[in-house]
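Let's take a friendly walk through a protein model. Have the sequence and the 3D view ready as you read.

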Amino acid sequence: MNTTQVSYLVFGVVLLLAVSFDLGLLSKKGSAVTIRKALFQTIFWVALAVAFFGFIWLEKGHRLALEYISAYLMEWSLSIDNIFVFILIFTFFHVQQHHYARVLLIGILLAIVFRIIFITAGVALVTRFEWVLYIFGGILLITGIRIFAIKKEEEYDPQRNIVYRWMKKVLPISTNDASGRFIVIKEGKRFYTAVFVVIVLLATTDIVFALDSIPAVFAISKNKLVIYTSNIFAVLGLRSLFFLLQGAVNRFEYLQQGIAIVLIFIGVKMLAEAVHIYIPIWMSLMVIVVCLFGSILYSLQNTETEKKNGI
């Protein structure tokens, strides 16, 4: 086997063992996930992603390793934006806390399947038509500007979601059931529950985010190993990150602007390559780190200042 095949094999084995460990030891069916457990799980998934960075460095060299960690951090930051929408979906449908872990697990596993399909299609498209990257760059630039300018009160509303509106038209839905089942029988009729609706919305909502994040990763690396592994590691960490952040949504007020700047930078980077201007990977990594952690720290500092001033 060559080094790429070995890397895929190691990634697959580590992923299988990690998911088994996460499900078997850290997640009991029907139990609520505490902040302490969520923190432990988040550290576990981040540590695993960083360990894989070390493995790629040893196997494939420092350049590919830097591409991987840059792509992972970017996908990780974009996934945080996912979480805020996920919280709104759970709140809107009044899903009970002890069902969160199972619903998130199924939704995220479906999201991974969809992402693999999108990545495969994206790789095939870029391989055949490289100029598509410039279209991706333009989309990311426009998206970044839109996200930066959007007002906080313009929150995601599940009622306006096109998938939810379609489901209400074609499926009998009962949002009052609290059993955690996907389907219930009432008066001899079959109804789909809020839990079923939420799982579908989680998976399809991630597709919308993937339309930004997958083109963005092409600006960092064209290597399939980097693209697949960075995406999957970031998405797998979503569940624990959700429980860690669900009570602190309002404390990350400026994270949206940090993510927007990253998207604008990535879009400009992709468009600049059309005129043979190439931004080094280490500079991309620095921009992502500064924007992500800078916006988080500034948000936390601003929240503390508002508390002291009684705002």
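Below we look at a sheet, a helix beside it, a serine and a nonpolar core.

## Before we start

This is a predicted model, so to speak of local features we need pLDDT of at least 70, side-chain atom pairs count only at pLDDT 80 or more, and totals for chains, interfaces and linings use all residues. Residues are numbered from 1 along each chain as its sequence is written, and side-chain values use heavy atoms, with hydrogens and water left out.

## The sheet

Let's begin with the strands (DSSP runs of E, at least two residues, numbered from the N terminus, just as helices are runs of H or I with at least four residues). Three of them, in the order 1-3-2, form an open sheet with mixed pairing. Strand 1 and strand 2 are the edge strands, as each pairs on one side only. Two strands count as paired if DSSP finds at least two bridges between them.

On one side, strand 1 (residues 173-174) pairs with strand 3 (residues 189-193) in the parallel sense over 2 bridges. Here isoleucine 173 sits opposite tyrosine 192 of strand 3. Isoleucine 185 has arginine 190 in strand 3 as its bridge partner, while lysine 186 has lysine 189. The hairpin of strand 2 and strand 3 has 2 residues between the strands, and glutamate 187 takes a positive phi near 55° in this hairpin.

## A helix across the strands

Helix 7 (residues 194-220) lies across strand 1 and strand 3, at about 45° to strand 3. That angle is taken between N-to-C directions, on a scale from 0 to 180 degrees, using axes fitted to C-alpha atoms, for helices over the stretch in contact.

## Serine 240

Is serine 240 buried or exposed? Serine 240 is buried, with a relative accessible area of 3%; buried means under 20%, exposed over 50%, and partly exposed in between (1.4 Å probe, protein chains only). You'll find serine 240 in helix 9 (residues 238-245). Leaving out residues up to four places away in sequence, serine 240 touches Ala38, Gln41, Thr42 and Trp45, where contact means heavy atoms within 4.5 Å.

## The nonpolar core

A nonpolar core is a set of buried Ala, Val, Leu, Ile, Met, Phe, Trp, Tyr and Cys residues joined through side-chain atoms within 4.5 Å. The largest one has 91 residues, and Phe218 and Ile266 touch the most other members. Helix 3 (residues 62-92) gives the most to this core, with 19 residues.
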